[in-house]
Amino acid sequence: MITLTNIHKTYAARGGGAPVHALADIDLSIERGEVFGIIGRSGAGKSTLLRTVNLLESPSSGSVTVDGVEMTALSAAELRKARHSIGMIFQHFNLLSSRTVFDNVALPLELAGTPKAEIRRTVEPLLDLVGLADKRDRYPAELSGGQKQRVGIARALASKPKVLLSDEATSALDPETTTQILHLLGDINRRLGLTIVLITHEIAVIKEICHKVAVMENGRVIEQGPVFDIFAHPNHPTTRSFVDPVINRGIPDSLRDRLSPQPGLGSNPVLRITFTGAKATTPVISAISRQLNLDLNIWHGQIDEIQGAPFGTLVVEALGDQAKVDAAIALVKENNLGVEVLGHALPANH
Amino acid sequence: MLSPQIIDLLIKGLIDTLHMVAVSGAIGTLIGLPIGVMLAVTGRGELLQNFAFNKVMGAVVNMTRSTPFIILVVAIIPFTRLIAGTSIGTNAAIVPLTVAAAPFIARVVENAVREVDRGLVEAAQAMGATPFQIIRKVLLPEALPGIVAGLTLSAVSLVGYSAMVGAVGGGGLGDLGIRYGYQRFLPEVMLAVVIVLIVLVQIVQSTGDLIARRVNKRNLKS
């Protein structure tokens with residue numbers, strides 16, 4: 001649906017300094033009907049990247065294709081027409097204060113020269129969809145933040161777009177309203193089959209509605225893939241720093257203090273078993289203790305759900321000799337679960 | 001007490017002042033509004049960025065605005081004669097008043113349009129709006145409260161300027177005050193002129209404020 005190929009965006013620095021690379025080497029492919037999240041800290045270039053999709057920012061080099069149309073090759077007039085099929089919502093809503101809710105939603109249709117009667121036929125169902133039918137003659141100043149964003153969503157959908165771009169759409173909202181707006185977006189994605197590209201700095205947003213995610217830093221995509229895989233196996237330190245607070249892969253400090261990289265006198269290996277997807281429910285712990293007669297002391301554990309699939313980690317101390325521990329690791333791997341040796345626990349009184 | 005003749009003169013002066021302010025304000029708006037919008041949208045990083053136009057137009061506007069009005073009145077007498085056919089009288093006075101009003105209005109309109117949130121322009125661009133549509137459907141409606149406030153300010157300034165056009169026989173309340181109140185030493189006429197001007201300015205300002213409030217939908221109580 002959306003293909004970005006080898007996108008670069010370079011600004012000449014003011015005062016003759018080194019040019020600023022806002023975007024570099026970006027390749028992204030976004031499938032039809034997907035909710036694709038782009039996460040990064042402020043200044044990472046995610047906002048610039050989102051704006052290259054509808055060419056509000058034109059890349060210095062590279063090509064942007066949306067629904068088979070190469071956006072970067074269009075004339076100004078053709079580009080305006082192509083933008084009718086790309087909706088956009090904003091962090092600060094960007095509603096016209098001088099227009100009522102109805103007239104705000106009608107704006108993209110007015111711009112496209114749609115007849116009045118058809119505008120009404122289009123706008124009214126949209127106001128129902130976002131739950132604001134009773135506010136149609138209100139002005140934005142009379143609405144709450146969540147209601148304003150609903151107007152923004154209805155407006156973005158008015159021209160029946162195939163793609164919806166979301167620029168930090170929930171960042172100015174409180175947590176409860178954020179959840180409501182994300183549910184609305186997820187609902188629209190499923191019901192209308194709309195492709196959604198969203199940028200955010202909140203990993204919770206990615207976890208909540210995205211199918212795929214790209215992580216950005218310094219104008220580059222440092223990691224991308226299905227949300228589940230990225231959460232389960234974050235490779236880049238930045239990705240880990242995003243994922244760790246919501247997926248607690250670490251172990252508490254009090255236990256970390258007992259952990260040594262080398263085996264010592266009377267130490268036991270500490271393993272981290274990672275449960276992903278359908279295998280997350282395998283009763284591997286009881287299998288190990290029953291089949292191998294190996295006791296496992298559970299240190300720490302967490303089971304969460306990402307995109308409807310269970311995901312969890314369990315940190316255990318294996319109370320047995322090396323042969324049994326090796327057998328246990330083999331058994332875990334046989335069950336297609338992840339396992340790694342974190343270190344060795346010295347006896348508590350050591 | 002004021003004599004009936006003086007009262008007649010006051011009424012005629014008021015009518016002349018209203019006539020000059022209304023006509024020069026209207027024509028000044030017709031000229032100043034588009035110039036103000038163009039100045040705003042051709043600025044750096046704006047919708048139709050155009051340095052050459054912006055600099056030249058900005059310089060023209062500044063030149064007119066930095067000329068003291070009484071000098072402007074005299075300096076453009078040939079132009080006034082060309083337009084009005086004469087350089088004396090109320091109609092002739094409208095020409096320099098308009099020449100002074102248009103750039104003033106252009107600047108207040110420019111400021112009002114610049115105040116419009118850039119995000120709204122971006123949203124309209126994302127919808128595929130043409131620059132002209134953005135001006136008509138986004139910038140002008142959103143800047144309207146500021147434009148109304150600016151036009152009110154311009155009207156009040158024009159009332160003040162109109163007092164100076166007595167120098168070219170422009171008539172109006174200011175002329176009355178100078179000729180009868182000052183030169184013929186009739187302080188009661190001067191006082192009456194000042195009071196009428198104060199009331200006039202109050203009415204203009206209050207009406208402007210009321211309209212600006214009506215068109216401003218930004219601070220509604222829910």
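Tutor: What follows takes the terms in turn, chain by chain. Keep in mind that this is a predicted model.

Student: How many helices and strands does chain B have?

Tutor: Chain B has nine helices and zero strands. Its pattern along the sequence is α-α-α-α-α-α-α-α-α. The C-alpha trace spans about 65 × 50 × 25 Å along its principal axes.

Student: What makes a residue of chain B count as buried, and what share of chain B is buried?

Tutor: The test is 20 or more other C-beta atoms within 10 Å of its own. Of the 222 residues in chain B, 45% are buried.

Student: Which residues of helix H8 (residues 173-183) of chain B are buried?

Tutor: B:Leu173, B:Gly174, B:Asp175, B:Leu176, B:Gly177 and B:Tyr180 are buried. Each therefore has 20 or more other C-beta atoms within 10 Å of its own. Their cover includes helix H1 (4-41), H7 and helix H9 (187-215) of chain B. After H8(B) comes B:Phe185, with a positive phi near 55°.

Student: How do you know that chain B touches chain A?

Tutor: Contact requires C-beta atoms within 7 Å. In chain B, 21 residues are in contact with 20 residues of chain A. Helix H6 (118-126) and helix H7 (131-162) of chain B each give two or more residues to that side. By class, the side of chain B has nine nonpolar, seven polar and five charged residues.

Student: Now chain A. What is the strand order of the open sheet of six strands?

Tutor: The order is S6-S7-S8-S3-S9-S10 (chain A), and the pairing is mixed.

Student: Why are strand S6 (86-90) and strand S10 (220-226) of chain A said to stand at the edges?

Tutor: Each has a single partner strand, so one side of each is left without a neighbour in the sheet. On average, neighbouring strands of this sheet are turned by 15° against each other, direction ignored.

Student: What makes strand S3 (residues 35-39) and strand S8 (residues 195-200) of chain A a pair?

Tutor: Pairing needs at least two bridges. S3 and S8 of chain A have five, in the parallel sense, so they count as a pair. Within this pairing, A:Ile38 stands opposite A:Ile199 in S8(A). Helix H5 (residues 145-157) of chain A packs on the sheet, touching S6 and strand S7 (163-167) of chain A. The direction of H5 makes about 165° with that of S6(A).

Student: Which order do the four strands of the other open sheet take?

Tutor: They run S2-S1-S4-S5 (chain A), with antiparallel pairing. Strand S2 (20-30) and strand S5 (69-70) of chain A each have a single partner strand, so they stand at the edges.

Student: How do you know that strand S1 (residues 2-11) of chain A pairs with S2(A)?

Tutor: Seven bridges join S1 to S2(A). Helix H1 (residues 46-53) of chain A lies across S1, S2 and strand S4 (61-66), at about 125° to S1(A).

How values were computed. Residues numbered from 1 in each chain as written. Chains lettered and ligands numbered in written order. Predicted model: local features only at pLDDT ≥ 70, side-chain atom pairs only at ≥ 80, totals over all residues. Buried ≥ 20, exposed ≤ 12 C-beta atoms within 10 Å, placed from the backbone. Contact = placed C-beta atoms within 7 Å. Nonpolar A, V, L, I, M, F, W, Y, C, P; charged D, E, K, R; others polar. Axes fitted to C-alpha atoms, helices over the stretch in contact; angles between N-to-C directions.
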